[in-house]
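Keep the viewer open and follow along.

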Amino acid sequence: ADLVVGLKSEATSMDPQFHQLSTNTQVLLNIFEGLTNQDALQKVTPALATEWEAVDDTTWRFTLRDGVKFQNGSTFSARDVIYTYCRVPLVENSPSSFTIYTATITDVKPDGDNAVLISTDGPNPLLPTDVANLPLLSADAAGAEDTVTYKPGGECEGMGTVPQSADFNSPEITVGTGPYRLESFVRGSQMVLTRYDDYWGEQPDWDKVTLRPLTSDGPRVAALLSGDVDMIESPPIQDLPRIEQAGYSVVDALSNRIIYLAMDQDGEAPSIGGTDGKNPLLDKKVREAISLAINRDAIVERIMGGYAQAAGELLPPPMFGTNGRAVDAYDPEKAKQLLTEAGYPDGFEITLGTPNDRYINDAQVAQAVAQMLARIGIRTNVDAQTASQFFSRRNALDFPIYLAGWSASSGEMSSPLKSLVATYNKEAGTGPTNAGRYSNPAMDELLKTAMTTIDDAEREKMLQEAEQMVLDDFGIIPLHYEQTVWALKEGLTYEPRVDQYTIASQVHAAE
Amino acid sequence: MSEAILEIDGVSKRFVKTLDLAERAARMLGATVRELTVHAVDGVDLSIRKGEVMGLVGESGCGKSTLGRMVAGLHPPSAGQIRFRGRDVASLKGADAREAALKVQMVFQDPMSSLNPRMRVDQIVGEAPRVHGLAGSGEIDAYVEAALQRVGLDPAMRKRYPHQFSGGQRARIGIARALAVQPDFIVCDESVAALDVSIQAQILNLFMDLREELDLTYLFISHDLGVVEHISDRIAIMYLGRMVEQGASEEIFTAPNHPYTQALLAEIPTFATTKKTYSAIKGEIPSPIDPPPGCHFHPRCPHAFERCRVERPALKEIAANRYSACHLNDMS
Amino acid sequence: MTVYLLRRLGQSLIALAAMAIMVFVGVFAIGNPVDILINPEASQAEIAATTARLGLDKPLWEQFARFVGNLFQGDLGTSFVYGRPAAEIILERLPATMELAVTALLISVLIGVPLGVYAGLKPDSIGGRSVMAGSIFGFSLPNFWQGMLLILVFSVLLGWLPAGGRGETVTVLGVRLSFLTWDGLQHMLLPALNLALFKMSLVIRLTRANTREVCLQEYIKFARAKGLSSRRIVLVHILKNIMIPVVTILGLELGSMIAFAIVTETVFAWPGMGKLLIDSINLLDRPVIVAYLMLTVVIIVSINLVVDLLYSALDPRIRLSQVKS
Amino acid sequence: MTPLLSVDGLQTHFFTRDGVAKAVDGVSFSLERGQILGLVGESGSGKSVTGFSLLGLVDPPGRVVGGTITFDGEDLVKGGEPMLRTLRGKRIAMIFQDPMMTLNPVLRIDTQMVETVLAHERMSHAEALKRCREALVMVGISSPDERLQSYPHQFSGGMRQRVAIAIALLHKPDLIIADEPTTALDVTIQAQILAEVQKLCAETGTALIWITHDLAVVSGLADRLAVMYAGRVVEEGETARVIERPLHPYTKGLIDSVPQGKTRGARLQQISGMTPSLLALPQGCAFRPRCARADAACLEEPALEEKLPDRKVRCFHPWTLDAAADAHMPTVTETADQRSGAAARTGTRA
Amino acid sequence: MSDDAFVSGLAPAATSPVAVDSPLKRIARAFFEDRLAVAGLVLFLAILLLAVFAPLIAPQNPYDLAQLDIMDGGQPPGAASFATGGTYYLGTDEQGRDMLSAILYGLRISLVVATVSLAFAIAIGVTAGIAAAYFGGRIDALIMRVVDLQLSFPAILIALILLALWGRGVDKVIIALVIVQWAYYARTVRSSAIVEARKDYVEAARCLALSHGRIMFHHLLPNCLPPLIVVATVQIAQAIALEATLSFLGVGVPITEPSLGLLIANGYDYLLSGRYWVSLFPGIALVVTTLAINIVGDRLRDVFNPRLQK
Ligand SMILES: Nc1ncnc2c1ncn2[C@@H]1O[C@H](COP(=O)(O)OP(=O)(O)OP(=O)(O)O)[C@@H](O)[C@H]1O
Ligand SMILES: Nc1ncnc2c1ncn2[C@@H]1O[C@H](COP(=O)(O)OP(=O)(O)OP(=O)(O)O)[C@@H](O)[C@H]1O
Ligand SMILES: [Mg+2]
Ligand SMILES: [Mg+2]
C-alpha cells in the first residue's frame, strides 16, 4: 500500500547534518536513525544503541545493535558512529549546524566490537538525548577510509572526501539504516520513499511513501479533501470541523511548544509611551498585571479553536522538570489594581512584536492579547512581521514586549530555562534567546548546577525549583501550549507526537 | 532703397543624429553605423530690406521652414550669422536677446495647432505682453481688445477657445498673438496654406493692410507660387537646402533663370478655358539626407551637363539684384 | 542589429547591477538570516560561527565584491537555506513557472484576441458590450481573489479540479512538464486560468481599442473601395495591424506574468519560481533572491528582445529604422 | 446615349450627437463615358462624402437618405451592399486624398495589389502579379518588380499615389473617383500625376470624377465642372463656360479670390464671412449670409435650374443676368493668355 | 449685409460654428451620455463618501483594539454581539472585528494609499515626462532609460522586494507604489507631450520668449491631461489592487489597521471553513470599487479619444 502525505513545508536538504530544522528531521527520520530515539512523548528510547550508561561523569558508553545493515548493504559498526560525529563540523555552509550536539564531545572510540565510548569535556546528562539528533550515516556510502579516528574540532582522520549537502540528492549517498530509502526527491514537488526490506525493526505499513510539500494551508486542506493526499499535517484549526465532517479523522496532541510573552527588562525602554521614559516592565507588579489581564481560555477557545491549552509553565506537564504550577487566573480587576499600585493608573502605550507566519495563528493571538491589555489600560500596538524580520528585530531588542514560541527539543525544562530566561551571556552561551534580558542570578546558579547533574531525579528537582523562581518573578509570561494536529483519511492512524514531527513510517493502517 | 533689416549670412542648419554609447561600441566592433546628417539648410545668404515682403518658395522638405525658424530664433543656426538690424542675434544676451526675439515673430501654417486648445483667446494673445510687461495688469484687457480689433476679430469673443472659431478666425488670432508683442518682422510660414481660397484671400488682404499700418517686414514662406507672386516684392527660391534663385518678383516670374525655377513656374496650376496637356519634370525630389553631389537639381534638370554633377554652383549676381545658382549662366 | 543588441545588453547590465545592489543592501538591512535559520537553542558562539560560515560577518561591500567576483566565474552564490547553488535551485523551478505562464499567455491570446476583435468591430452590439463589461470585471478582480474564487467554486463546491499542487509530470529532455499528463493538465487548469484572466481582459481591451482605431484608418476604407471581402479585411488588413501592439504588450506582460505567478503560485501552491522567491524572502536567503531577480531580468530582457524581433517582422516600418541604424 | 453615371438629388446625412449634418443634400450631376468631371468646393462642402456615397462607403453615423445614383443603368442605392461590392474596385475605383494613409503600412505592395485583382477575378497568383506589374508600368513606375516587393513606407508620397492609381486601374474600371489625389503633393509631383491621369483617361476611355478645392487644377483637366457649397451643387456646366462666366456668386467669388501675379499690390477680391456649419445652415440659400446680392427672395431655397443652355445654377440672382454688376468681372481669358505667355517665354530660354 | 462688408471681409462673423462651452464641459457632456459610466461614477462617489465618513457611519472602530472582543469572533452575518448586543450585519472576523466597520475603514486605507501614491507618482512622473519631451536629447534619453528599466520590471516584484526590505506600514506601501507607478505617468505624459511639443503653439510660445517652465506647465501640461487622466483612473484601480495583493502576500499595511486587501487575505484562511464572509464581503467591496473606477476610466478613455468621437 502507498501513502501520500501533505507536509506544510519542505525539507531543505537530504543531508541529515546540514540544517537543524524539524522539517528536515521529520523526513529524514524515515531514512536515518540515531543511536537513540525520542518517542512520541520525547522520551529517549533505544535505536541503534540498545542501551547506554554513564561510565563516569564525562563518559558514556553506548552498546550498538547487532546485525543492522545499511540500505547499501554495509554492516553498521562503531566506525559509522565515529564517522558521523566527525563529519558534523565539516559540513559547509550549514545555516544551523549540528555542532551544538557535538560541541562537548572530546572523543568517540570503539569499545570492543559492539559498543562506543563517548567522552565529553564536562558532565553532560543530556548526551543520550543529544545523540538522538545525530542520525547515523554510512561511512562506506560517504567514502570514508577504513579507520576513522575522532579528533574534536573537525580534525578527524580518515574521513576521505566528505560529501556535502548537495551530494545527498543522490540515493547512493543518502543511505541510512531506517525503514525507508530515498527513491527520488524533486524539490518543490515531492519526495518518494520506498520501503527498505532488510530493516532491522518492525516493517512499516507502506511500500511507497510520497511526501508532498503543500505550504499554503488552504490548498493543503483542499488536497486532503479532494483525495490527492492521505494525510496532512497542521491543518488550519478553523478548518477542522469541516474536515471531521467530511469523514476524516483528526488526531492531536499537546506539543512541546509554549507560546509566551517576553518583556524588556533591560533598563529604560524609551519605546514605551506615557511613562516619562521609565520602563514599567521592570516592575514585577506590572508584569503580573499583564499576566492577569490575559484571558488565556478565551484565546484557546476563540483563536485556537480549542486546539491549545492555557499554560502556566514553560513546558506542558508532566514533561521533565515541570512542577504543576497553576495557570494564572484571568483577573482584570486585580490587574488594574496592580497597575495602579505600580504607579500607572492610566496605563501606558506599548508595542507588541509578533511574527505572523511562524506559530499557529500567531498574529491573531497577539491581537487578542493586545485587546486584553488595552482593557486594563495598556494601549497596545501590534507590530506583526514575517518571521525573518521579526527574529532579526527581536534579537536586536527592538520590542518592549513580544510574543514568541519555544519548543524544547530535549523535552526537558533545561531547554527553555537555558535559552529564554538565563542571563544573557555570550561567553557562557546562556540566554541566547533571552531578548527581554531578564536576569535572575540565583536561578542562573541553580540551572548551572542542574545542567551538570547526571542524576535525573536530582536534576529534575533543581529544574522545577528554577522554573518556579522565574515564573514567580513573572520574568516571562506563558500563554498557551500549542497542540499539534494531523488530519488523516479514514483507515489511517497516527500517534500524535509532542515534537510535532510527521513521521511517515509511524503512520499505520487501522486494523 | 531702404537698408536691410535682416541679413542672413551663409547660414546652415544641420540636424545630426549623433551616435550613442551603444552605437559607438558597435562601430568599434565593426558594425556599419554612421551618423545621419540632414543638411536642412545649406549655406544660405539672404538680405531682407525694411518694409518689403520677401517670398520664399520651394518644394516640401527643401528647408524653408527651417530657415524661417532660424530667423524667428527658434533654432540656432549650425553655421553662419543672422543679423537683425545689424546685430548678430546669437551674440545677444539677456534683455537685448529677449527684445530681439520679440521683434521677430512668426505666424504658423496650421491655424488650429498653432493655438493652444486649452487657452482662451485673451490668454493666448495677452500672455506674452503681460509676462514681458508690455501691458500692465490693469491695461491688459484693453490691450488684448485692441489687438483683436486690429486683425478684425470681435473682442466680444475673447473668452472663447480656439476650437470655437473657424479656420480664418483662428488664423487671425495667430496673427494677433504675433502682433501683440509689437514686432517689426514677421515670418509667415505657410500661413495661408491650410485655408480655403475664399478665406485665404481675406487673410492675405489682412497681411497687406497690417504691413502698411504697422510698417512690418515679412518673410513669406509658401509653396504656392500664386500666393507668393501676389504678395511678394522679392522672391527667393530654394531647392534641397540651397538658394537657387533670388530677385524681384516680376523679374522672376517673367524671366526665370534657373532651370528649377522655370520648371516650377510651368507647373503652377492656372485657370484655363481649354484643356491643357500636362507635362512634368521627371523624377522625385531627392532626400536631404543623401543629396546628389554637385548641383542638387542635376538629376532632374533637362540641361544638366558634366560640371553640374561635380561642382556646386555658387549663387551669383546675374543682373542687378538678381541672383541665380546655375552653371549655365557661366556658359553664355 | 549589433547596436540594438549592445543597447539591450547595456540596459540589462544596468538593471542587473541596480537589482543586485538593491537586494544586497536591502537584505542586509532586514537582518541576519542566521537569526531565523539557526536552531533557537544554539548558543551565541554558535550563531557567530554560523554567521561567519555563511560569510555574513564581513562588511557589506566585501560581501558584494565577493559576489561580483564569483559572478564573473558564473557563480551566483550558494543558497543559505539549501546549501546548493542558487542558480540551480531556481532553474529547477523555472519550468513549472514558464509552463504556467506560457499556458496562461496562450489562453489569454487565443480567447482574448477574437473577443477583442469582435468587440472592436461591433462596439455597439450587445455582444460587444458584454465582452467589454466582462473584461472590466476581469480587470477589476484582484488576482488572488480570483484564484480563491476559482478554488472555492471548482475545487471546494464542485470538486471538479484539484485545488493546488502540480500533479503528475513527465520528464522531457530533463525538464519536467505537466501538460503532457491528464493529471498534470487538471492541476494546471485553474492556476493557468487564474493567471490568464487578467491578461485576457487586457488583451480584449487592447485588441478592441486597436481594432476600432485601425477600422477608422483610411487604408481600411481603401481596402473596401478595392472591393475586398469583409473577411479578408478583418483577417488580413486589420489583424496584421493590431497584432503589432498586441505582441508588444504581451511581451511585456509575459514578464509580468512570471512576476504575477508569485501570487498564483502562492494561492495554488504551484511549485514554481515565484513561490520560491516568497519563501526565500521570508528566509532572507539572499543568494536565491539575487539569483531569482537576475534570472528574471535576463528572462525579461530576452523576451523583450524576442518581442522586438517579432515586432519588426510584423511591422516593416521598424525594420527600416533598424537597418538604418 | 444614356450617361454612364447619373446622380440625382443625392442626400447623405450624418446623424451626430449634435444634430443631423446634411453633408450632401441634393447633389445632381451626370457623366458620360470617358468624360472628366471636376467636383469643386471649399473644405467641408461635401465633396468627399459625395464620392464615398457613390461607392457606398459612407461611415456611420452617415447614411444615404435620398436620391438616386444610376450607374450604367443600375440603381446603386437600391442595389445596396451586394451590388456595390461587385462594382467597387472593378468597375468603379477610387483614389484617396492622402497617399500616406491609403496603403496598409504592414502589407507589401504586391499583396495589396494582388488581392485587388483576385477579389474580382479568378486567376493564378502569377497572372495577377503580371497584371499588377503592367499597371505599375502604366503609371510610370520604373523597375516594378522591385517595387512590388517593397512596403509603402519605402516610397515617397508621389510614388504611393501612383501605386494607388495603379490599383485603381487594375480592372480597367469604367469610372474612377479621384478625391483630391494631389493636394498633399508638391507642385512638380502634382504635375506628373496630372499628366499621367490625363494620358490614362484618354487611352482607356475611363470616366473620371476629380474632386478638388483648387479650381485652377481642374480647369485644364475637366470637361465639366460641378461647384459645391454646403452640401449642394450650386453650379454645373462645361468647364470653359463656368470659368469664363461664372453664374453663381460663390463661383465668382472663388475665382476672384485666387491670388496671382496680376493681382500683386492690389487687394484680392474676397468672400466675406465663413463657411457655415452644416448643423446650422442659414435659412434658404446657404450662401445668403456671405452674398452681396442676397435679398429677401433668397430666404427661399433656390433650385438648381438651367439658366443658360447646358448651365445649371442654384441662384435667384446669377451674375450674367445682372448687367450692372458684370462690369467688375475680370476676364479670365486674359489671365490665361498672360500666363501662357510667361510659360512660352520660359520655354524659349534654354 | 452691405457690399462694403463683402469687400473688406473684416467684419466679424456673427455666428460661431460651434456652441460656446469649454473643452471640459464638452467632455463632461460626452461623459454623461453613457449611463453605465454615470452609474460607475455615482457608485464611486458613494464609495468615496462611505470611506470619508467611515468613522461616523461605522458601528465600531475596528482599529481600536479595546473595542474588539474575541468573544465576538467569527460571528456570521446578522449575529448579535455578546459584548454590546448590537448586530453584526456582515459578521465578524476572528478578532471580533465587525466586518461592516472593517470594510468601511479598509476602504479608507485602500483609497488613501491609492490616492496619495497616485498624487506623488503623478507629480514625479509628469515632471519627468514633460521635461523629457520638452528638452529632448540627453535629458530625454536619460529619463526614458530609467523609465524603460522601471517599466520592464514587473511592478509587483519591485513592490514586493521594497516592502520586504522595509517592513510593513502604510507609509512604506505608499512609497513603494509611488516608485512602481511614476514611470507610467512619465511615459504617458512624455508620449503625449512629444506630440504636443511638436505643435506650433509651443513654437509660438517659444517665439514669444516665454520661459521653459511656463511653456512646460502652462502650455504643454494642460494638453497632456486627457491621456494622463485615463492612465490615472486605470492606475488608481491598479494601485488598490496592488496594495491588496501586497497585503495578501504579507508585506502590506499593519495587521491591526487592515485595508481591504488585508481583510481578504485574512479571510483567505477561513475560506474552506465556511466563514466565507470574512473574505467575501471585503472582496466584493474591493471589486466594486475597482470596477466603478475602471468603468469611469473606460468611459473617459472613449471620451478623450478624439478619433473615436462621433
Ligand atoms: N528637428 C529636425 N530633425 C531632423 N531633421 C529635420 C528637423 N526639422 C527639419 N528636418 C529636416 O530638414 C529638412 C527641411 O525641413 P523643413 O521643414 O525646413 O522643410 P520645408 O521646406 O519647410 O518643407 P514643407 O514644405 O514640407 O514644410 C527636411 O528634410 C526635414 O526632414
Ligand atoms: N463621420 C462624420 N461624422 C459627422 N460629420 C461628417 C463625417 N464625415 C463628414 N462629415 C461632415 O460632412 C461634411 C462634408 O465632408 P467632406 O469630407 O465631404 O468635405 P470635403 O468637401 O471633402 O472637404 P475637404 O476639402 O476638407 O476634404 C463636413 O462638413 C463634415 O462635417
Ligand atoms: Mg515647412
Ligand atoms: Mg475631402
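## Chain C and chain A

Chain C has 13 helices and two strands; helices (H or I, at least four residues) and strands (E, at least two) are DSSP runs, numbered from the N terminus. Before going further, note that this is a predicted model, where local features need pLDDT of at least 70, side-chain atom pairs count only at pLDDT 80 or more, and totals for chains, interfaces and linings use all residues. As for bookkeeping, residues are numbered from 1 along each chain as its sequence is written, chains are lettered from A and ligands numbered from 1 in the order in which they are written, and side-chain values use heavy atoms, with hydrogens and water left out.

Chain A has 15 helices and 19 strands. The table puts some values for the two chains next to each other. In it, buried means under 20% relative accessible area, with exposed being over 50% and partly exposed in between (1.4 Å probe, protein chains only). Accessible areas come from the Shrake-Rupley method with a 1.4 Å probe, and for residues only the protein chains shown count as cover.

| Chain | C-alpha box along the principal axes | Buried residues | Accessible surface |
|---|---|---|---|
| Chain A | roughly 70 × 55 × 35 Å | 62% of 511 residues | about 17600 Å², 46% from carbon and sulfur atoms |
| Chain C | roughly 85 × 60 × 35 Å | 59% of 325 residues | about 12100 Å², 71% from carbon and sulfur atoms |

How does chain A's radius of gyration sit against the value for a compact globule? A compact globule of 511 residues would come out near 24 Å, and chain A has 24 Å, which agrees. That radius is taken over C-alpha atoms, and the globule rule is 2.2 Å times the number of residues to the power 0.38.

Next, contacts, meaning heavy atoms within 4.5 Å. In chain A, 67% of the contacts with a separation of 6 or more are between residues 24 or more positions apart. For chain C, 72% of contacts between residues at least 6 apart in sequence join residues at least 24 apart.

Then there are the charges: Lys and Arg count as positive and Asp and Glu as negative, while His and the chain ends are not counted. Each charge is placed at NZ of Lys, CZ of Arg, CG of Asp or CD of Glu. Chain A carries 39 positive and 73 negative charges, with mean positions 4 Å apart. Chain C carries 26 positive and 20 negative charges, and their mean positions are 17 Å apart.

## A strand with two partners

Now zoom in on strand S10 (residues 208-213) of chain A. Five of its six residues are buried, so S10(A) is largely enclosed by the rest of the structure. Two strands pair if DSSP finds at least two bridges between them. Strand S1 (residues 2-7) of chain A runs parallel to S10(A), joined by six bridges, and Val4(A) has Thr210(A) as its bridge partner. Strand S9 (residues 190-195) of chain A pairs with S10(A) in the antiparallel sense over four bridges; there, Thr194(A) partners Lys208(A).

## Between the chains

Which chains share the most contacts? Of the eight pairs of chains in contact, it's chains B and D. Chain A has no contact with chain B, and their closest C-alpha atoms lie 41 Å apart. No contact joins chain A and chain D either, with closest C-alpha atoms 46 Å apart.

## Loops worth a click

In chain D, Arg314(D) sits in the loop between strand S12 (311-313) and helix H12 (323-326). Is Arg314(D) buried or exposed? Arg314(D) is buried, at a relative accessible area of 11%. Beyond its neighbours within four places in sequence, Arg314(D) is in contact with residues including Arg232(D), His248(D) and Glu301(D).

Two proline pairs have cis peptide bonds to look at. From Pro317(A) to Pro318(A) the bond is cis, with omega near 5°, and Pro318(A) lies in the loop between strand S13 (308-310) and helix H10 (332-342) of chain A. Another cis bond joins Pro60(D) and Pro61(D), with omega about 5°; Pro61(D) is in the loop between helix H1 (47-55) and strand S4 (62-71) of chain D.

Asp215(B) isn't a glycine, yet its phi is positive, near 55°, and Asp215(B) is partly exposed at 42% relative accessible area. Leu284(C), also not a glycine, has a positive phi of about 55°, but Leu284(C) counts as buried at 1% relative accessibility.
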